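Please walk me through the side-chain contacts of a protein model, one kind of feature at a time. I would like the general idea behind each term, and then the case at hand.

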Amino acid sequence: QLTYQPMIYKTTDGGNNWTKQAAFDWSSISTLSTLATDLSPVGRPMFGSIKDINIDANGYVHLATYIHGAYSDNADSLGYYTVYNLWNGIMCDVHQTSTGWDAFVIDTVWTKDIDDTNTPITDPLDWDERLQMAVSEDGSKIFYSWMDTDTLLSTDNLYPNILVKMYDVTSSTLYPTNNLTEGTAYDAFNYWMYMADVATDVAGGYQLHISTSDFN
């Protein structure tokens, strides 16, 4: 389909054997086709790298990724996609269902990835938004975490806070985004974030396990 798209293999025996899954027309998913129509001069969605993978209570795989708009049909330009002037892009959960595949938008990352061309703090370090997923112990809830900077501080992701969001698999409900670190001792100072892939059940909710680093 002339753009970067995932090839998916499935195992049912703990990884001893893998079966390649049938090819799929990702543009048939309305969320992805809408994004492609808005973003792509040629109307095709283009997957970014797969940021994380998890399995829900139904045994269905969820892929956390950016969805871009393919830039061209030219064979020499198939690796190019349209970019935003100020913000980084749109994160999506692309997942299996009982009838095939579907997707929804997780959120937008508003500030650009850091590389050695836009890092005034300490050069040549770099980082991205670190999009990751966790599931509840019973697989009924999926959590997404990522880092983003207040756009009043910078258009680059130099001063990240940790943002999280929850998806209820049973009711297909995506809950609002929560900023965990804004206004705390960790405000605008979270780098190289890691989130454990399981969220622990606690009284009245769930505990996410996240670590970050600083420059010291």
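Predicted model: local features only at pLDDT ≥ 70, side-chain atom pairs only at ≥ 80, totals over all residues.

Q: How do I read a salt bridge, and how many salt bridges does a search of the whole structure find?
A: Side chains of opposite charge can pair when their charged atoms come close. The term here stands for a side-chain nitrogen of Lys or Arg within 4 Å of a carboxyl oxygen of Asp or Glu. Searching the whole structure gives five salt bridges. One of them joins the side chains of K51 and D128, with 2.9 Å from N to O. K51 belongs to strand β3 (residues 45-55) and D128 to the loop between β6 (100-109) and β7 (132-136), so this pair ties together parts that are 77 residues apart in sequence. Helices (H or I, at least four residues) and strands (E, at least two) are DSSP runs, numbered from the N terminus.

Q: Which salt bridge does D107 form, and are D107 and K165 buried or exposed?
A: Buried means under 20% relative accessible area, exposed means over 50%, and partly exposed is in between (1.4 Å probe, protein chains only). D107 forms a salt bridge with K165, their closest N and O atoms being 3.5 Å apart. Since D107 lies in strand β6 and K165 in strand β9 (residues 160-168), the pair ties together parts that are 58 residues apart in sequence. Both D107 and K165 are buried. By contrast, K51 is partly exposed at a relative accessible area of 24%, and D128 is partly exposed at 23%.

Q: Where does K141 lie, and which residue is its salt-bridge partner?
A: K141 is in strand β8, and its partner is D168, with the closest N and O atoms 3.6 Å apart. With K141 in strand β8 (residues 141-149) and D168 in strand β9, the pair ties together parts that are 27 residues apart in sequence. K141 and D168 are both buried, K141 having a relative accessible area of 13%. Elsewhere, salt bridges that share partners join K51, D128 and E129 into one network.

Q: How is an aromatic pair described, and how many does the structure hold?
A: A pair of aromatic rings is described by the distance of the centres and the angle of the planes. Rings of Phe, Tyr and Trp (its six-membered ring) pair if their centres lie within 6.5 Å, and planes under 30 degrees apart count as stacked, over 60 as edge-to-face and the rest as tilted. The structure holds 11 aromatic pairs. Among them is the edge-to-face pair of F104 and Y144, at 6.4 Å centre to centre and 85° between the planes. F104 lies in strand β6 and Y144 in strand β8, so the pair ties together parts that are 40 residues apart in sequence. Both F104 and Y144 are buried.

Q: Which residues of helix α1 are buried?
A: The buried residues of α1 (residues 30-39) are T31, L32, L35, A36 and L39. Seen down the axis of α1, these fall within an arc of 130° (taken from the directions from the helix axis to the C-beta atoms), so they line one face of the helix. The face turned away from that buried side carries the exposed residues T37 and D38.

How values were computed. Residues numbered from 1 in each chain as written. Heavy atoms only, no water.
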